[in-house]
Each structure stands twice: as structure tokens, then as C-alpha cells.
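Reader: Hi, I have a structure open and a few quick questions. Can we go through it together?
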Amino acid sequence: MPAVSKGDGMRGLAVFISDIRNCKSKEAEIKRINKELANIRSKFKGDKALDGYSKKKYVCKLLFIFLLGHDIDFGHMEAVNLLSSNKYTEKQIGYLFISVLVNSNSELIRLINNAIKNDLSSRNPTFMCLALHCIANVGSREMAEAFAGEIPRILVAGDTMDSVKQSAALCLLRLYKTSPDLVLMGEWTSRVVHLLNDQHMGVVTAAISLITCLSQKNPDEFKTCVSLAVSRLSRIVSSASTDLQDYTYYFVPAPWLSCKLLRLLQCYPPPEDGAVKGRLVECLETILNKAQEPPKSKKVQHSNAKNAILFEAISLIIHYDSEPNLLVRACNQLGQFLQHRETNLRYLALESMCTLASSEFSHEAVKTHIETVINALKTERDVSVRQRAADLLYAMCDRSNAKQIVAEMLSYLETADYSIREEMVLKVAILAEKYAVDYSWYVDTILNLIRIAGDYVSEEVWYRVIQIVINRDDVQGYAAKTVFEALQAPACHENMVKVGGYILGEFGNLIPLISFNLLHSKFHLCSVPTRALLLSAYIKFINLFPETKSTIQEVLRSDSQIRNSDVELQQRAVEYLKLSSIASTDVLATVLEEMPPFPERESSILAKLKKKKGPGAVSVNELEEGKREGGELNGGGERGGDSSAIAASNAKTPTHYVHLFSMSLLNQNPMYEHSLSFSPLRPRLLICWGSARVPLLPPPLPAQAAYWLMFSQRLASMMMAS
Amino acid sequence: MNEAKCSWLGLIFSPVVLVQIRFILIQNRAGKTRLAKWYMQFDDDEKQKLIEEVHAVVTVRDAKHTNFVEFRNFKIIYRRYAGLYFCICVDVTDNNLAYLEAIHNFVEVLNEYFHNVCELDLVFNFYKVYTVVDEMFLAGEIRETSQTKVLKQLLMLQSLE
């Protein structure tokens, strides 16, 4: 048994712990625990009042039992009693118990707060710290109410001991985070800022954390901290290693304090005062210089401490984004780390360079490392490092290297972890669209995406390729030809069938030989929504290739379509069959005219990526461009109501009207496919040419009845003209 | 740097807002917890689940991996010392190397205090380990980093009745 220190003994506890460890089974352990619980219970209930030592021992045993994973439903009162002992070891156990087993009984809370109050006013620094630590660890609302006014006073009082100040600062931080309304700014705030000048580095360390948090919500109140922080940092960075003896770690002066100071400075813009700014820039340059000097020690602790400061300094340089010289130097330093033998450093360098890539000052410098990053993507053994490499490629992508980067990302995708595939797909899709000069490359890239990672190609991605093909005449033929070839692969992803079905339905006439059989061979393998899309493609074929009419009609007429258990498929089969048999070729051609170009708005893919990754996903450039340009291709419709009015008035043909109206019924869904979905509230009408009503859609809500009338009238007049 | 750009970067970099330690764990290879210190509210069930998840995540890693792991919305900085994994869970924008060395600093203090610390020391003196933790970390932040000061304080406390 390891030596138990002389101060408190508690031999009984050590024996108990040994007994537990020696238990051969779970049952034996439970038995031993229950025996002890019974023993403790009887001692607590006993007639004789327990002495402090025994109480401490039993409360400690209870704590041990709790930490093993067993519920404890007594002992709180005894623990609270220990708080009023004047012996440190007893108080300590009492405070520990109530911090770990937090109890919301109001009577206990009152007693605890009382004990804390006594300890805070005791002038005994050890007891004051115990009380402050308890408040910091529990941080309840009741404690905040009781003490939020007192703690700032303790913190800034002249006669408070250093260790108490440290604890008070962080205790106040805890209270501020959980009950900010109870920590009021006051005279103490300027005194707190001056703690940055304290000669006790531990006090400075604790105070910085408090100031950093407070300055988020009250930047003006604390802005004097900037020049003080710069002075402090400057003194540390230029100090000889003998100056800060207690705080030098493996030859690095005050590394954690330096990091915290650099972090605090990231809460504010660059200092306005020229002298302060100059001093800070000098500091940052010194830190960058030190990274180039030979190390004072071979130990990894030395280099980690030094590099912790370096990375934080680089974060600050990036945050300011105003010193080109520093940014380029930072980039070069990170470039060296990209090939370091330590995986940690390669990882951090890739991560940090990602943010550097979005700065206009360093974007070009970052690009020079493309080969190293591509190599990392291919060869790193830790998947998180490969992922950072992929993120960096995405961030450094521009017109000059887009083709190369997209090709590398596609090849990475073939073997990527499943958990990251969806994000990779979104990124490749965004890059391909953004930097496409030649849209046939874009089409190839998306089709490759479907081929490699079809399951992870979300709707937004394949809607987009269709929207783009529809909006660009120059790529329609190429797209039709390419999907036709892709569909000939023996095993082809369902998303490929969807894209292929739609594109061939619209533009199949642009390539000489089209085979209905090719599409139909995939039909039975597909899900219901895909089959619905294919049926629409088939009716479009009847229009494009009249020779296929009888074959397709036979398919539509077959039991598996017109008696299909899915109402959507059944409805479509019936309607299309009817449409194909009673409409003349001219009317058919008009109704099944090419889809008009989609209106332009923000890319839904970008929106999806942002949602997926949070604000950090998208670079500054992308956000600003997205706002400026607005002329990007996009999709998406508005919700019903007013937009259908606009749709109707803008419609050039009934088909056009149908398309626009359908888009108006959907949320962000450009595909009129979904507008044909069955709704029990809107009974479907069969096509009835005799009365010149051609609802390919369910009838609208009552408010839009007028537009249906207009629509019917247009169609009627068109039919009469033909 | 103008205001507009400052606010953009604020969105994207979210630099400092409420970054802190979320919890500290010391576990052995078998998954037994030797210390669990929590700096945010979790139910007992949630705590148990977190402990199991952390164990699962760190024990499969080896020398070719980094000492950092993405974990839910946070990250874990960890290092293995003999049979024990020391894990600090921090926010995503926290400084990895600073916390990696904070762990080492803490371990060196334990080593000095318990005279070549081993796992059993942490078991039998569990209530003292909390004292060491509270000297060096508090309210989810680093409190004291000087080994000299921390050990001096611990020895003083040791001498009290």
C-alpha cells in the first residue's frame, strides 16, 4: 500500500479501499460496499456525537463509494457540518463532498452559503480559497446571488493575498458565465485591468481569463487592457530566461501567460496608438524570429511550449489581417511545419494555413505550398490530418489551380472515410461550379461525383447540375451525350439515373441515337421518386421521338404503372397516357416544351455547406462574393400565394406557367417533379381536353382560382389556334 | 482593419468567445476513471456516456496519430503516461499545444508530490488529487503554472491538521 501522508492518516479509508480492490467479483464489491454503508449510517445516526476526524473519514468513504458509481442518498448533512470545523483537512473533505454531490435542498444550500460566508470573511487565505473554489466548482444561482457582490471586492482589495486573488478572479469568471446578470460592472473593473501589471504571474494568469471573458460583452469598459497586455507580452518575450524563474518552463518564459495575452489581444482590433502598435509588431516579429533559432533544448516540451506561443501569435496576425510582412512570414513558417516529422505540427500547420488562405495578403503565399498539401492528402496516416489537408485545398482554390485541386479531391474521395464524404462532395460541387470556365468540365466533375460517391450526393448537388445545364445552351448537348454514356455502365447509381432521366428527357433530341430501353432497363431498380421522374422523361420522349410512342404507351398502359400501389406513379401513368393519346403533336410539343431558364439567387449548395459546418466553413471571399454577385445561377422557388400571381403574369406559354407555378408551390425546390406530389386536400382532376382544362397539377388553393381560370383560357385559345 | 471586416472575421473565426476547459479525465487503459473533473453541467448519465466515449476514442489511437481528437462539438487534447490517459476536453478554438503542455505540467507536479507517482497513488489519495487540480485549474481555465509555487502550496497544506 503506498505511503499515506502524515497530516491526516485516515487509515480506515485506506483499508476500505484495499478491501474493495481485493474483491474478486462485482457481487463481492457490492456486498462490501453495502456493509460499509450500513456501518456509516449507524455511526451517523448514533447517540454519540462523532468527532471531526471520524466524520471526515466516513464522509470521505461515502465520496469514494459515490465515485465508484454507486448512488449515495445520505451524508450531506455531515459534510456540511464539516464545513464549520476549524481544521483544514476536515473542511477540505466537506467542501469536496458538496462540490461533487451537489444537492439542491434549500436548507442545505442555506447552511452551505453560511459556511462559505464565514470562510470568506475569516481572513485565513487557505479557508478563503477553499470557499472560493467551492463557489467556482458549483457555481449555482443561489451562490451567485449570495456572493456575486462580495467577490469583486475581495479581488481588488489591497490586502488580499495573491493566491486568494487568483481564486477570486476565476471564481468571479464562473459566476459571470452562469449568472451574468448578477455580476455588475463597477469601480472594480478598472482595478481588475490593473491586475495585468501585478508582479505575481499567477495573479496575472487568472486575471487575464476574467478580463478576456468580460471584455467580450463590455469591450469599451476594458479597452485599456490592450496597452497593458502589449507591455506585459513585450516584457516576457524579451526577457532573459533567468528573469521569470518560477514561470520558465523548459527554457520558455511564461508560455501559458504569453498565449493568454495573445488571446486577449484577439478580442480587439489592432491598437490605435502608434507606439503600442509598434511594440506589438516588434513582439510578433521576435516570436517569429525565435522560431527560426536553434532550440535551447531537445525535449518536446520545449518545442511544444515555444510553438504554442507561435501558433497563438499567428492567430493574432491573421485576426488583424493588416500586416502583409507578418502574414507572409507566418505563412512561410507554417510552410516549414508542413514537412515536420511531428504529426502534431503538420496538423496544426495545415489548420492554421487554412485561415491564412482567405487573407488577400497571404493567399498567393499559401498557394505555393500546393504540392506539399496534395502530398499530405495522399500520404498522411491520421485521417484528421488528411481532412485538414482537404480543407486547405478547398480554401486555397482559385481559378489558377481549380482543375488540379478538384481532380485531387475527387481521387481522395474514392477512398475517403464515410463520415466526411458528404462534406467533400459539397465542397467539390461548389468549387467546380465556382471556377468553371468550361462547363463541360463542370458536368464531368458532377457526374464523377455521382459515380464515386453517389450516396453522399445530396439533392442540392444534382438539382444544381440540372439547373446549370438548363440555363446554358452551350453544354446541353455535351451533358446529354455524357449521361447517356454514363448510364451504359452496368452498375449505375440511382442519382445518375435521376440526372440522366431528366437531362435526356429535356435534351435527348440533341444526340442522334437515344435509347428509351437504356433508361427503362434501370427503371425497376429505382425508388419511387426516381421512377416518377422517369415517367415524366418518357412522356417527353414521346414528344421528341414520335416513333417511340407506341412502345412507351404500352409501358404506361401496363398494370405495373396504371395499377401501381403508389398513387403518384399511378396518377402520372394515367395522365401521361391520356395526354399522349388525345393531344395533337403541336399541343404535345407546347405542353412539353423545354424548361425555361431558372431565376438567379444564392446557391443552395453553399447554404447547405454553411449549415453543415457552421460559420467557419465558408471563407471571407465566398461570403462577400455571394453577397456582391447575386448573379450566380441558382434554384429555388418561393412559397405559394403572391408568387403564383407573378408566375401567371410572366408565363409565356401554358407549360411555362406550369413550371413557374409549380416552383411557387415549393420550398427551394426547382424541380417541378415534386409539384406533382399527391395531397389529400387537393383532389386531382384527370386531363379533360373537352372542357379545355389541363390540370397537370392539383388544383390550387381557393385564393388562386382566378389564375386557374386564366390558365385554362390560355390553353383553350392555344388549342383553338392549333 | 475596418469595422466591417472586423465583424466578418468575428463571425468566421469566433476567436475567443467562451473558450474553456469542459472536463478533465484520467482513465486507465481498461476504462476505469481515476479522476473526473467537470467544468460544465452534465447529468450523471451524460457523464457516464462521455467517459465511455472518450475512452473509446483515445484508446484506439497510437503514435502515428496526433494528440488531438475532434469530439462532439469540442476537442480532446490527450497524452498517455504508462497505463493512464490524461485527457482535457476543450473548445475547438483553444490552443492545442498549450493544453498538451498543461497536461504535462500537471503530471510533473503529481510526480513530484507523490514521489514518482503511479496509478495506485491516485486511487488511495483520490481526495488529494482534487486539491492538486484546483491549484492548477479552476472555472475551466488555467489557474497556476509555476510548479514551484504549486508544490510549495501543496506541501504547506499537507502540514495542516
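This is a predicted model: local features need pLDDT of at least 70, side-chain atom pairs count only at pLDDT 80 or more; totals for chains, interfaces and linings use all residues.

Reader: OK, where is His76(A) placed in chain A?
Author: His76(A) sits in helix α4 of chain A, residues 76-83.

Reader: Is His76(A) buried or exposed?
Author: Buried. Its relative accessibility is 11%, and the cut-off for buried is under 20%.

Reader: Which residues is His76(A) in contact with, leaving aside neighbours within four places in sequence?
Author: Phe97(A), Leu101(A), Asn103(A) and Leu108(A). Leu101(A) is also the residue whose backbone oxygen lies 3.5 Å from that side chain.

Reader: New topic, the two chains. How many residues of chain A are in contact with chain B?
Author: 86 residues of chain A, and they meet 64 residues of chain B.

Reader: What area is buried between chain A and chain B?
Author: About 6700 Å². Carbon and sulfur atoms give 59% of that.

Reader: How many salt bridges are there between chain A and chain B?
Author: Four. One of them pairs Arg61(B) with Asp382(A). Their closest N and O atoms are 3.3 Å apart.

Reader: And how many residue pairs are in polar contact between chain A and chain B?
Author: 28, counting pairs with both residues at pLDDT 80 or more.

Reader: Which helix gives the largest share of the side of chain A that touches chain B?
Author: Helix α16 of chain A, residues 300-320, with eleven residues.

Reader: What kinds of residues make up that side of chain A?
Author: 42 are nonpolar, 28 polar and 16 charged.

Definitions and conventions. Residues are numbered from 1 along each chain as its sequence is written. Chains are lettered from A and ligands numbered from 1 in the order in which they are written. Side-chain values use heavy atoms; hydrogens and water are left out. Helices (H or I, at least four residues) and strands (E, at least two) are DSSP runs, numbered from the N terminus. Buried means under 20% relative accessible area, exposed over 50%, partly exposed in between (1.4 Å probe, protein chains only). A polar contact is a pair of N or O atoms within 3.5 Å; within protein, one must be able to donate a hydrogen and the other to accept it, and residues adjacent in sequence count only if both atoms are side-chain atoms. Contact means heavy atoms within 4.5 Å. Buried area is the accessible area (1.4 Å probe) that two parts lose on being put together, summed over both. A salt bridge is a side-chain nitrogen of Lys or Arg within 4 Å of a carboxyl oxygen of Asp or Glu. Ala, Val, Leu, Ile, Met, Phe, Trp, Tyr, Cys and Pro count as nonpolar, Asp, Glu, Lys and Arg as charged, and the others, Gly among them, as polar.
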